[in-house]
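Biologist: Could you walk me through this model before I set up my own calculations?

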Amino acid sequence: EESMAALFSHLCDDRDGFRPKPGSRILMVDMGGGTTDFAFMQLAMTEGQRPVSIPVDPAPSVPTWGNDRRSYGGRDVDQLILDHLTHDWDPEVVKRNRQPLLREARRFKEAFSTCITQGGTEYETLWLVGQEARKVRMTREEFEGFACEYIAQFEVLLKGALAEARLAPRQVTH
């Protein structure tokens, strides 16, 4: 189970400083390319016991977002970024170069995220589109504007995951 593997990765990584107490209930969120998986892990109270994992999939039970979308993952962000950065481009150019542009959007997402995490407010780079280099730029404010439905959907999914696991927020320690 991916969420259990992620938990053990964090527990074993001394750099994180993540030291939950025995019996802690932890929500692990594993956002992949096309899905976001939720699991609640209850750590063992005593040594030698295994943690208990409750994987949940709230997507089928919560309202959709955007244009009736159920998917929620990294590829959805890639598409949102691509749509935003190419909104004033020739649609035929975008259609003809869709796959390379999606790869560029993924790279842009990673670099943009790093830039914002390090305190920046905007990121700019060049994309090679056919034989032409095009400057693409985005601010944090722009991202939060066009991705607001996507961002809000996370809260909806989180509430759905809690309901599906029959847990109150105060029952989750980490």
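This is a predicted model: local features need pLDDT of at least 70, side-chain atom pairs count only at pLDDT 80 or more; totals for chains, interfaces and linings use all residues.

Biologist: Okay, strands first: how many residues of β1 are buried?

Modeller: Strand β1, which spans residues 25–31, is mostly covered, with five of its seven residues buried.

Biologist: And which way do β1 and β2 run?

Modeller: They run antiparallel, and seven bridges join β1 to β2, the strand at residues 36–42. The two strands form a hairpin with four residues between them, and within this pairing Val29 stands opposite Phe38 of β2.

Biologist: Switching topic, how many salt bridges are there in the whole structure?

Modeller: A search of the whole structure finds nine. One of them joins the side chains of Glu132 and Arg134, with an N to O distance of 3.5 Å.

Biologist: Is Arg134 buried or exposed?

Modeller: Arg134 counts as buried because its relative accessible area is 19%, under the 20% cut-off, whereas Glu132, at 43% relative accessibility, is partly exposed.

Biologist: What about Arg140, which residue does it bridge to?

Modeller: Arg140 forms a salt bridge with Glu144, and their closest N and O atoms are 2.9 Å apart. Both residues lie in helix α5 (residues 140–146), four residues apart, which is about one turn of the helix. Arg140 is partly exposed at 41% relative accessibility, and Glu144 is likewise partly exposed at 38%.

Biologist: Which residues are linked in a network?

Modeller: Asp78, Arg106 and Lys109 are linked in a network of salt bridges.

Terms used. Residues are numbered from 1 along each chain as its sequence is written. Side-chain values use heavy atoms; hydrogens and water are left out. Buried means under 20% relative accessible area, exposed over 50%, partly exposed in between (1.4 Å probe, protein chains only). Two strands pair if DSSP finds at least two bridges between them. A salt bridge is a side-chain nitrogen of Lys or Arg within 4 Å of a carboxyl oxygen of Asp or Glu.
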